[in-house]
Amino acid sequence: MKTLVHLTLLLASTILFAQSNTEVYLSDIVKSNEKIKLINLKNISNNKGYDNQPSFYDNNTILFSSTRDTQTDIKIYNIKREDNSWITNTSFGSEYSPLKIPKENNMSSIRLDDNGLQRLYKYDLSNGESTILIKDLKVGYHIWHDTNILVSSVLAEESMDLVVSNLTKNTNQTAHKNVGRSLHKIPNSNLISFISNENKISTIKSLNPITGDIKTIKSFPIQINDMCWLSQNIALIPNGKIIAQLNTVTDSLSVLHNFTEDQINEISRIAVSDDGKHLAFVSEESPKIIVQSQIEAFNKGDLNTFVSCFSKDVVVRNFSNDTLYSGRTKLKTAYNELFSNNPKAKIKVVKRITKRNMVIDEHIIEINGKETHKGVLYETKNGKIISLTSIEENEKLSDAETIVQRQLDAFNAKDIHAFAHVFSDDIKASYFPNDLYVNGQKQLRDLFSQFFAQTPDLHCEIKNRIIIGNKVIDDEFLTVNAENFTAIAIYEIAHGKIVKMTTIR
């Protein structure tokens with residue numbers, strides 16, 4: 001029984017602090033003509049491995065977790081000097097989520113020991129000595145209300161609970177069930193914000209740790225994991241390559257900044273300095289780098305490195321949702337046979353389309369002197385490829401691109417009759433891989449008639465196009481009611497009509 005409990009705790013800790021190749025970035029926050037801008041982006045971790053959980057020790061200093069060898073320690077970055085250094089070196093465990101303790105020159109951090117014990121510690125920065133702060137709670141994430149009051153997301157059976165701890169009285173009071181990791185002080189108030197995940201809805205709420213009073217700030221139709229406060233009434237929320245700003249007074253949501261840099265992907269764990277001049281955040285490794293590493297390993301015939309680019313439970317399928325097998329073990333077996341029988345096999349990338357954690361490649365694969373043309377859709381997460389979908393060239397059509405272009409022209413003209421005419425009577429449109437949202441001509445006409453009528457500035461521009469037999473893959477840049485969006489659409493052609501449309505949002 002003890003062994004089972006130990007394994008459960010260790011598994012839960014691994015989930016909380018999943019290791020992936022992430023980097024910590026810093027931007028300056030400036031105000032220009034009443035608008036907020038992010039400038040001077042820089043990578044402040046520059047480390048191959050896991051760098052995460054930044055927090056501001058003061059307006060010139062950032063703490064964050066960083067991996068070296070087989071352990072994770074705490075680094076400190078000086079903004080003015082633009083350098084970082086290690087401040088912990090725990091040989092029997094790893095530290096995460098560092099925070100300055102109010103009114104002290106000390107730091108708190110969660111330590112995950114090699115034996116699976118996970119506790120919150122206090123670190124004396126003058127000598128590196130540590131003392132345990134809370135013995136009886138498995139703290140996942142925390143925030144200081146003041147020197148004696150601590151608010152934590154604490155690991156429960158299948159979720160995390162919000163717990164208020166009084167260190168002077170040695171009491172722990174559960175304030176809310178099923179919460180997330182993002183805990184922040186709301187500026188110019190005595191409140192702490194947290195994200196509630198009750199009923200599978202993400203809701204930003206406030207907590208008064210003294211009275212226990214909880215109020216709702218904003219609910220969202222999608223899951224959110226991270227946010228922080230730029231000011232008392234402006235919350236920043238990351239989503240992919242975008243940081244949005246929520247005005248809690250007007251209840252309005254808008255885009256603050258859209259990062260176009262390749263290295264910025266799936267932003268998380270954001271923090272703002274107390275003076276409001278700096279923003280720190282975490283970005284996952286570019287999916288382009290992950291996919292390219294896999295291709296280079298393939299071309300070298302390096303099976304172990306190739307397989308290591310995939311997650312343990314990777315799904316391999318034919319487009320769009322025909323699962324062939326799952327699991328890295330089966331993938332290794334399949335490619336071991338391919339490498340053994342075809343030692344000179346090579347992949348050449350002809351074109352590449354990227355959207356958030358998705359990469360679609362047009363490949364020429366050479367095996368024993370024979371070339372095969374195909375597309376491959378990769379989905380990445382936490383630095384690994386979690387799905388590989390082959391888009392086969394089953395049928396070559398000379399007019400596939402012409403048909404899709406006709407659809408695009410009608411779309412931009414908002415001509416519903418010309419637009420619908422390009423699609424078959426039994427058209428099926430899905431969000432990847434198989435979330436159906438259009439089934440048949442009537443539903444197509446009803447949906448897009450309304451869309452055209454409500455969007456006077458509607459326009460779609462093709463940034464890149466891949467053609468694989470009877471399939472056309474478009475990298476689309478859309479203007480919709482003064483906002484810009486990107487999407488990937490995969491069109492399948494048969495008998496002169498589009499019979500299937502798959503959208504990647």
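## Cysteines

At 4% relative accessibility, C460 counts as buried, where buried means under 20% relative accessible area, found with a 1.4 Å probe on protein chains only. C309 is buried as well, at 9% relative accessibility. This is a predicted model, in which local features need pLDDT of at least 70, side-chain atom pairs count only at pLDDT 80 or more, and totals for chains, interfaces and linings use all residues. Residues are numbered from 1 along each chain as its sequence is written, and side-chain values use heavy atoms, with hydrogens and water left out.

A disulfide is a covalent bond between the sulfur atoms of two cysteines. A search of the whole structure, taking a pair of cysteine sulfur atoms within 2.5 Å as a disulfide, finds zero of them.

## Helix α2

Helix α2 covers residues 287–300, which makes 14 residues. Helices here are DSSP runs of H or I with at least four residues, and strands are runs of E with at least two, numbered from the N terminus. From first C-alpha to last, α2 reaches 20 Å, close to the 20 Å expected at 1.5 Å a residue; the expected span is 1.5 Å times one less than the number of residues.

The buried residues of α2 are P287, I290, V291, Q294, I295, A297 and F298. Seen down the axis of α2, they fall within an arc of 160°, so they line one face of the helix; the arc is taken from the directions from the helix axis to the C-beta atoms. Just after α2, G301 takes a positive phi of about 70°.

Terms used: Buried means under 20% relative accessible area, exposed over 50%, partly exposed in between (1.4 Å probe, protein chains only).
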